[in-house]
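Subject: Structure for your review

Dear colleague,

Please find below the structure that I am handing over to you.

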Amino acid sequence: MVLDTVKLKVDSRCNKEMGCFSSKANDAGAVRRRPGSIGEVAVFVPGLRLPERSEELPLQPLGDGLPRRLTERLATSRTRIIAMAAHEALYMTKPTWRLTITQHGGSKSADLLQTLEDYLPTVLGLVKDGSELEDKVQFAWMNQEDDAEDTSMPSAWYEVLSVLHMMAMLRLSQANSLLVPKTSIEGYHAKVSEENKRASVEIFLKAAGYLECAIQHVLPKISPEKRKGLPVDLAEGILKAICMQALGQAIDVQLGLAIDSPKATLAVKRRLACEMVKCWQQAHESISDLPLLDGWAEKHRLFVTWKHIEAKAAAYYYHGLILDEGNSEKSHRTAVAALQSAEEFLKESKAACEAFHAATPVSRSPPLWGSMRYLHEKIQKESSCKVRINKDLYNNDNSCRMIHETVPALPDFAVALKPEEYRLPTDAAND
């Protein structure tokens with residue numbers, strides 16, 4: 001049989017019934033890499049990788065091994081995703097366009113997420129038991145954190161990995177929209193509603209679930225040779241860092257809710273703060289050895305650094321308050337040392353915050369809310385108060401050295417919050 005080369009054709013007449021959006025070439029170019037400004041950031045999203053147009057992605061000669069219906073579904077679904085993703089990327093990265101886009105329906109992230117979910121079984125159809133099509137289709141995506149602008153790879157699992165990454169980024173974008181404080185109709189100070197806080201925790205866990213699935217069930221399917229060709233955006237370290245970011249920010253929201261609750265004890269708040277430190281520590285370790293360059297990648301590293309320091313400030317503050325409940329001179333001395341450490345970390349976090357927002361693409365810090373608003377008000381006050389109360393303990397020339405030497409270690413708590421389990425569609429996946 002003569003083997004014909006099959007090409008995924010793009011239907012430029014993408015119609016309203018399909019739910020598509022018009023997307024011009026210059027629109028895609030506007031969101032390809034590094035916008036100048038991305039507005040207020042409560043949750044960092046390291047850019048949105050965009051799929052390349054299918055008309056540039058020919059299939060290798062497959063004979064009659066590729067059903068026509070599968071070819072059509074791949075082409076149609078990917079065309080729709082390209083258009084919707086371009087729209088969403090502009091919404092995420094162009095604050096000056098956001099008002100215009102909002103007037104025409106705002107973010108379509110929920111629709112795009114559903115479209116991606118519907119697309120996965122089609123792609124997984126290439127990797128069914130006994131299928132020889134896994135490496136026959138060339139998929140290309142625009143990168144954000146990698147130095148290479150595009151990465152094209154003949155791998156259905158690369159496409160699945162890219163889709164899961166996009167789904168996680170969309171969830172983080174949704175969380176950011178919920179957690180940027182908004183001024184009420186009555187004109188009171190900007191705040192985040194409790195409803196938005198609780199909803200964001202669920203969204204963070206979904207994002208973490210997509211990434212955990214990618215790390216545990218998709219990356220192992222890609223051969224070691226092909227994994228070397230993956231962009232930094234999809235490196236295991238980056239995926240782990242974003243997964244831990246999602247958990248860390250979810251715990252931060254929980255800490256804010258605990259602070260607002262009269263029933264939450266100091267022990268509960270300390271545990272949450274220490275768990276948050278562990279999440280950001282793991283994120284920092286995962287990202288630290290990667291070859292991250294300027295732009296999104298460097299901003300990503302700065303965000304992890306900032307949040308790691310901020311979490312330490314919270315943890316040492318609550319640890320200090322609990323230590324101060326002891327009756328011994330040693331417990332009071334270590335309590336003061338912990339509170340002064342919290343104060344130092346808070347100062348460092350302010351500088352780290354400024355460095356993050358100043359990095360390209362520049363961003364703005366939203367009004368303080370939640371745990372950090374409370375801690376910015378309390379840490380310095382509590383530290384100064386405890387030093388005055390225990391000033392008789394610091395009456396010699398070696399006081400600074402003594403305080404430094406008695407800084408207590410934080411308790412080691414396991415992270416209780418877990419990603420929401422996400423499973424690839426079982427009707428098509430070969431797991």
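A polar contact, as the term is used here, is a pair of N or O atoms within 3.5 Å; within protein, one atom must be able to donate a hydrogen and the other to accept it, and residues adjacent in sequence count only if both atoms are side-chain atoms. By that criterion, the side chain of His 376 reaches the backbone oxygen of Met 372 at 2.8 Å.

Two remarks on the basis of these values are in order. This is a predicted model, in which local features need pLDDT of at least 70 and side-chain atom pairs count only at pLDDT 80 or more, while totals for chains, interfaces and linings use all residues. Residues are numbered from 1 along each chain as its sequence is written, and side-chain values use heavy atoms, with hydrogens and water left out.

The chain as a whole

The secondary structure comprises 13 helices and five strands; helices (H or I, at least four residues) and strands (E, at least two) are DSSP runs, numbered from the N terminus. Of the 431 residues in the chain, 54% are buried. Buried means under 20% relative accessible area, exposed means over 50%, and partly exposed lies in between (1.4 Å probe, protein chains only). The chain exposes about 20000 Å², and carbon and sulfur atoms supply 49% of this area; accessible areas come from the Shrake-Rupley method with a 1.4 Å probe, and for residues only the protein chains shown count as cover. Contact means heavy atoms within 4.5 Å. Among contacts between residues at least 6 apart in sequence, 81% join residues at least 24 apart.

The sheet

Three strands form an open, antiparallel sheet in the order S2-S3-S4. S2 and S4 stand at the edges with a single partner strand each, so one side of each has no neighbour in the sheet. Two strands are taken to pair if DSSP finds at least two bridges between them. Strand S2 (residues 50–51) and S3 are joined by two bridges, with Leu 50 opposite Met 142 and Pro 51 opposite Trp 141. S3 and strand S4 (residues 150–153) are joined by four bridges, and Asp 150 in S4 is the bridge partner of Met 142.

In a regular strand the side chains alternate between the two faces of the sheet. Strand S3 (residues 139–142) is covered on both faces: Phe 139 and Trp 141 are buried on one side, and Ala 140 and Met 142 on the other.

Helix H4

Helix H4 (residues 109–124) has 16 residues and reaches 22 Å from its first C-alpha to its last, close to the 22 Å expected at 1.5 Å a residue; the expected span is 1.5 Å times one less than the number of residues. Its buried residues include Ser 109, Leu 112, Leu 116, Tyr 119 and Val 123. Among the elements that cover the buried residues of H4 are helix H2 (68–93), S3, helix H5 (156–179) and helix H6 (194–218).

Aromatic pairs

The structure holds 10 aromatic pairs. Rings of Phe, Tyr and Trp (its six-membered ring) pair if their centres lie within 6.5 Å; planes under 30 degrees apart count as stacked, over 60 as edge-to-face and the rest as tilted. Phe 303 and Phe 356 form a tilted pair, 5.2 Å centre to centre with 55° between the planes. Phe 303 lies in helix H10 (residues 296–323) and Phe 356 in helix H11 (residues 329–358), so the pair ties together parts that are 53 residues apart in sequence. Both residues, Phe 303 and Phe 356, are buried. Ring pairs also link Phe 44, Trp 280, Trp 296, Phe 303, Trp 306 and Phe 356 into a cluster.

Individual polar residues

His 376, in helix H12 (residues 370–389), is partly exposed at 24% relative accessibility. Leaving aside residues up to four places away in sequence, His 376 touches Leu 346, Lys 350 and Leu 368.

Arg 227 lies in helix H7 (residues 224–227) and is partly exposed, with a relative accessible area of 31%. The side chains of Arg 227 and Glu 236 are joined by a polar contact of 3.2 Å.

Asp 412 follows helix H13 (399–405), in the segment after it, and is exposed at 65% relative accessibility. A polar contact of 2.5 Å joins the side chains of Asp 412 and Lys 278. Asp 412 and Cys 274 are 138 residues apart in sequence, yet their C-alpha atoms are 7.2 Å apart.

Yours sincerely
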